[in-house]
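Hi,

Here is the structure I promised to pass on. Have a look at it first, and my notes on what turned up follow below.

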Amino acid sequence: MLDALTIAVAVTALALAAWCGHAAYRDQPTKDWHFIGIAVVSVLALAQLVVGIVQLARGEEPAESVAIFLAYLIGSALAVPAAGFLSLGERTRWGSATVAAGAVVLAVLEVRLHDIWGG
């Protein structure tokens, strides 16, 4: 895995979590600006998914199981978009809290992906 991409995804996910967490603290729902942040984090996670699949296709292997690596890779690509989708149904502060939680989950998945790859 590319360490720089993993760090970029984790840092942007934590920034999104802080931003949406602050909105939830201020009793605000997710707004259009939050969805732009969700899109940025999602694009980075999708880029990581592509890089991970390409590395597996080249014959490189993670330190642990390939199946576990793929499961974490796919889960990390879906965590924030799923939270964003759920926040559309909850147009209160809890929608912002849902996105913040999804972004924290993504940051934790990034740490685990790094460990699985052999970091």
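Glu 64 and Arg 112 form a salt bridge, with their closest N and O atoms 3.1 Å apart. By "salt bridge" I mean a side-chain nitrogen of Lys or Arg within 4 Å of a carboxyl oxygen of Asp or Glu. Glu 64 sits in the loop between helix 2 (32–57) and helix 3 (66–89), while Arg 112 belongs to helix 4 (residues 93–117), so this pair ties together parts that are 48 residues apart in sequence. Helices here are DSSP runs (H or I, at least four residues), numbered from the N terminus.

Before I go on, a word on what you're looking at. This is a predicted model, in which local features need pLDDT of at least 70 and side-chain atom pairs count only at pLDDT 80 or more, whereas totals for chains, interfaces and linings use all residues. Residues are numbered from 1 along each chain as its sequence is written, and side-chain values use heavy atoms, with hydrogens and water left out.

Back to that pair: Glu 64 is partly exposed at 33% relative accessibility, and Arg 112 is partly exposed at 27%. My cut-offs are under 20% relative accessible area for buried, over 50% for exposed, and partly exposed in between (1.4 Å probe, protein chains only).

How many salt bridges are there by this rule? The count comes to two. The other entry to look up is Glu 60 with Arg 58, whose side chains meet at 3.8 Å, N to O. Here Arg 58 is exposed, with a relative accessible area of 63%, while Glu 60 counts as partly exposed at 31%. As background, side chains of opposite charge can pair when their charged atoms come close.

**How the helices pack**

Start with helix 1 (residues 3–25) and helix 2: their axes come within 10 Å and cross at roughly 160°. That makes helix 1 roughly antiparallel to helix 2. The axes are lines fitted to C-alpha atoms, for helices over the stretch in contact, and angles run from 0 to 180 degrees between N-to-C directions. Angles under 35 degrees count as roughly parallel, over 145 as roughly antiparallel, 65 to 115 as roughly perpendicular and the rest as oblique.

The crossing of helix 1 and helix 2 is left-handed (the near helix is turned anticlockwise from the far one by less than a right angle). Residues that meet here include Leu 5, Val 9, Leu 16 and Trp 19 from helix 1, and Trp 33, Ile 38, Leu 44 and Val 51 from helix 2. Contact means heavy atoms within 4.5 Å. The residues of this contact divide into 15 nonpolar, five polar and no charged. For those classes, Ala, Val, Leu, Ile, Met, Phe, Trp, Tyr, Cys and Pro count as nonpolar, Asp, Glu, Lys and Arg as charged, and the others, Gly among them, as polar.

Helix 3 and helix 4 pack at an angle of about 170°, with their axes 8 Å apart. They are therefore roughly antiparallel to each other. By class, their contact has 16 nonpolar, seven polar and two charged residues.

Which way does helix 2 run relative to helix 4, parallel or antiparallel? Their axes come within 12 Å and cross at roughly 20°. That makes helix 2 roughly parallel to helix 4, and the crossing is left-handed. On the helix 2 side the contact is made by Ile 38, Val 41, Gln 48, Gln 55 and Leu 56, and on the helix 4 side by Val 99, Leu 106, Glu 110, Leu 113 and Trp 117. This contact has seven nonpolar, two polar and one charged residues.

- Leu 109 lies in helix 4 and is buried, with a relative accessible area of 16%. Leaving aside its neighbours within four places in sequence, Leu 109 is in contact with Tyr 72, Gly 75, Ser 76 and Ala 79.
- Gly 75 is in helix 3 and partly exposed at 27%. The C-alpha atoms of Gly 75 and Leu 109 are 7.9 Å apart.
- Phe 85, also a helix 3 residue, is exposed at 64% relative accessibility.
- Asp 27 is in the loop between helix 1 and helix 2 and exposed at 51%. Its phi is near 65°, a positive value in a residue other than glycine. Most residues other than glycine have a negative phi.

Cheers

Notes. Helix = DSSP H or I, 4+ residues; strand = E, 2+ residues; numbered from the N terminus.
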